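Here's a quick briefing on the model you're looking at.

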Amino acid sequence: MPNPHSSQAEDDVAVRVRGVTKEFGVGGSLTKALRGVDLDVPYGELLMLVGPSGCGKTTLVSIVAGTLEPTDGEVVVLGKDLVAMSNGRKVRFRRENVGFVFQSYNLLPALSAAENAAVPLLIAGWRRSAAVEAASDVLDKLGLGDRLTNLPSELSGGQQQRVAIARAIVHEPRLLVCDEPTSALDAENGRITMELIARIAVQPDRAVIVVTHDSRVYSFADRIASMEDGRIESVSNGPDRAGTMPLL
Amino acid sequence: MLWIAWKMLIGNRVKYLGIIFGVLFAALLIAQQSSIFCGLMFLTVSQIRDIEGPGIWVMDRNVEFIDDIKPLSDTDLFRVKGVPGVDWAVPFYKGLARARMEQGDYHQMILLGLDDATLVGAPEGLFLGELADLRKPDAVIMDDAGYKQIWPGEPYQLGRVFEMNDRRAVIVGITRASRTFQTFPIVYTLYGRAVLYAPPERKVLSFVLANADPGRDVEEVCREITAVTGLQALTRQQFMRKTIVHFLRKTGIPVNFAITVFLGFLVGTAIAGQTFYLFTVENIRQFGALKAMGTSNWTILAMVLMQALQVGVIGFGLGVGLAALFGWSTRGLTKLAFFMPWQVLAITAVAVFFIVLLASLLSIRRVLVVDPAIVFRG
């Protein structure tokens, strides 16, 4: 029986979130970060999650990425029910299927650009030389072919973010989660970063979720989900697409 | 992933060196103090070690250690000789004598009396004079450290004369001897002469030195001697052990050294633990990122343990190396006891292992409980 809240055929949906709530704390200090979120992200789409600070964007993306447990609700990512998944399987799921781009890059300061980009392959058990070689190819495509041996401290903010993007896609994950990828960058570097994500990461068999405050990059979104007070208030097409979509 | 852990560790030079310093400090203190302790214990048995020929020491039943002289009667020597399984037995005198030097000053000396006929117990390290000269009238051999103590800065000179118990003694040889716990000069002479140098007593025989018949089990012969004579008979090893145990039990030396070693352990753990924890906290987001990207807790645990073990191995190597260098560089100072057997290295290694384990426990807990979602927080 088709889900009445879904606007997509289930096979086309990379991320399906239903009635997800998340509470932090207990008793008087109880905080409801998410208050029943429903959301679909189809394959081949770049979805932006926008909204004021504290509205629950990061909490939602953490749950979708499998790094945080929801208090209640259903989370199916790439056909797998994350809520029912054991911790060990979730770790393996993230390793194989999810790429991350973090706001503060989180590059390892002691590793070179190529070594940093190779980390997901090393986690997957690749030999170091093969992993670094594969990561170097990705960095080359991102225009950092001449910076492979540089440490993060020797790179500009934009270059560091490109290394982070290379790290996020080097193992070809089917879901890419980006948390404020442009917030630490100037307008030009922010645009370049989003162009790279849109060009390289968005593929027919992948989905990309970008949490952002940065209205300058909304144009790269296929859809924009606006959050407020732990709920998704509206989902609209990106500026390059006409009209406003229904909530789901 | 262990390679990443290693790069993370050495990437922060200050913290890396700080942790190594903590472990190094502890290893150095533990190894150095343990070696000095072993050196002191070694001194207590130096005179047993120096007498290599006889395998059996026979003494009064109540003797606790080498300096605890309870004289035997002369007939005890013949009773020991008569025990089946005893190949030979000779008298040995050990006591303290007060010597009056040429200048009129007095020195306390350890007086050793060797069997007149066989010279069993004679020093092995004679480098000036001849052992046979001991049979000359009033002849004595003195150890080099004692000579330097009495005549500091003067060259070795045979023929020097001093008096013990108003009897003349002439130095006919200088020998190397292991330093003793009492640090007095050591004087070797014949048994018959030693009892004249010593203060008059009714019984003067300190020990009977004996050997078992070839092919006989030495411990079994010791038991036989005890059964037949009622005297205490110990192998050389047993006597050394008994002497050391006496000093361990009856003096505060082990406790004092144990306190220092324990303090070294605590301070090392504190420095290494604190620095290692700060290093982990500083890298907590990186660990969180690794967990978010799919690194399991087991791998994270292995990474932290590898980091801890690495600084442990380096700190241990540098610490015991410096301790050994200390012992080597002070080997010429006769007043410093330093002996580093393999057991000291083993004890230090175990201590360092526990230091890095304790130091990493807090860090391990921290990284294992870190929420991978931390990387999404600004």
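Predicted model: local features only at pLDDT ≥ 70, side-chain atom pairs only at ≥ 80, totals over all residues.

**Two loop residues with positive phi**

- E180(A) sits in the loop that runs between strand 7 (175–179) and helix 7 (187–201) of chain A.
- Its phi is positive, about 45°, even though E180(A) is not a glycine.
- For background, most residues other than glycine have a negative phi.
- L78(A) is another non-glycine with a positive phi, in this case about 50°.
- You'll find L78(A) in the loop between strand 4 (72–77) and strand 5 (80–81) of chain A.
- L78(A) is buried, with 20 other C-beta atoms within 10 Å.

**Chain A overall**

- Chain A has 7 helices and 10 strands.
- Its radius of gyration is 18 Å, which agrees with the value near 18 Å for a compact globule of 248 residues.
- The C-alpha trace of chain A spans about 50 × 40 × 40 Å along its principal axes.
- Of the 248 residues in chain A, 50% are buried.
- Take the contacts in chain A with a separation of 6 or more: 67% of them come from residues 24 or more positions apart.

**Chain B overall**

- Chain B has 12 helices and 10 strands.
- Its radius of gyration is 29 Å, whereas a compact globule of 378 residues would come in near 21 Å.
- Along the principal axes, the C-alpha trace of chain B spans about 95 × 50 × 30 Å.
- Buried residues account for 43% of the 378 residues in chain B.
- For contacts in chain B with a separation of 6 or more, residues 24 or more positions apart supply 83%.

**Where the chains meet**

- On the chain A side, 23 residues are in contact with 21 residues of chain B.
- Helix 1 (57–65), helix 2 (87–97) and helix 4 (119–123) of chain A are the elements that give two or more residues to that side.
- Sorted by class, the side of chain A that touches chain B has 13 nonpolar, 5 polar and 5 charged residues.

**The largest nonpolar core**

- The largest nonpolar core contains 193 residues, and V64(A), A135(A) and V23(B) have the most contacts inside it.
- Helix 2 (residues 13–44) of chain B gives this core its largest share, 15 residues.
- Domain 1 (2–44 + 252–376) and domain 2 (73–230) of chain B each put at least three residues into this core.
- What does A135(A) contact, leaving aside its neighbours within four places in sequence? The list is A114(A), A117(A), A118(A), L121(A), A166(A) and V170(A).

**Helices of chain B worth a look**

- In helix 1 (residues 2–11) of chain B, the buried residues are I4(B), A5(B), M8(B) and L9(B).
- Seen down the axis of helix 1 of chain B, these buried residues fall within an arc of 140°, so they line one face of the helix.
- The cover over the buried residues of helix 1 of chain B includes helix 4 of chain A, along with helix 2, helix 10 (284–292) and helix 11 of chain B.
- Helix 4 (residues 74–81) of chain B buries D76(B), L77(B) and V80(B).
- Down the axis of helix 4 of chain B, the buried residues sit within an arc of 110°, so they too line one face.
- D74(B), T75(B) and F78(B) are exposed on the other side of helix 4 of chain B.
- The buried residues of helix 4 of chain B pack against strand 1 (56–59), strand 2 (86–100), strand 9 (207–212) and helix 7 (218–229) of chain B.
- I314(B) belongs to helix 11 (residues 297–329) of chain B, and it is partly exposed, with 17 other C-beta atoms within 10 Å.
- The C-alpha atoms of I314(B) and L24(B) are 7.8 Å apart, although 290 residues separate the two along the chain.

Conventions. Residues numbered from 1 in each chain as written. Chains lettered and ligands numbered in written order. Buried ≥ 20, exposed ≤ 12 C-beta atoms within 10 Å, placed from the backbone. Helix = DSSP H or I, 4+ residues; strand = E, 2+ residues; numbered from the N terminus. Arc of directions from axis to C-beta. Contact = placed C-beta atoms within 7 Å. Core = buried A, V, L, I, M, F, W, Y, C linked by C-beta atoms within 7 Å. Domains from an automatic or database assignment. Nonpolar A, V, L, I, M, F, W, Y, C, P; charged D, E, K, R; others polar. Rg over C-alpha atoms; globule rule 2.2 N^0.38 Å.
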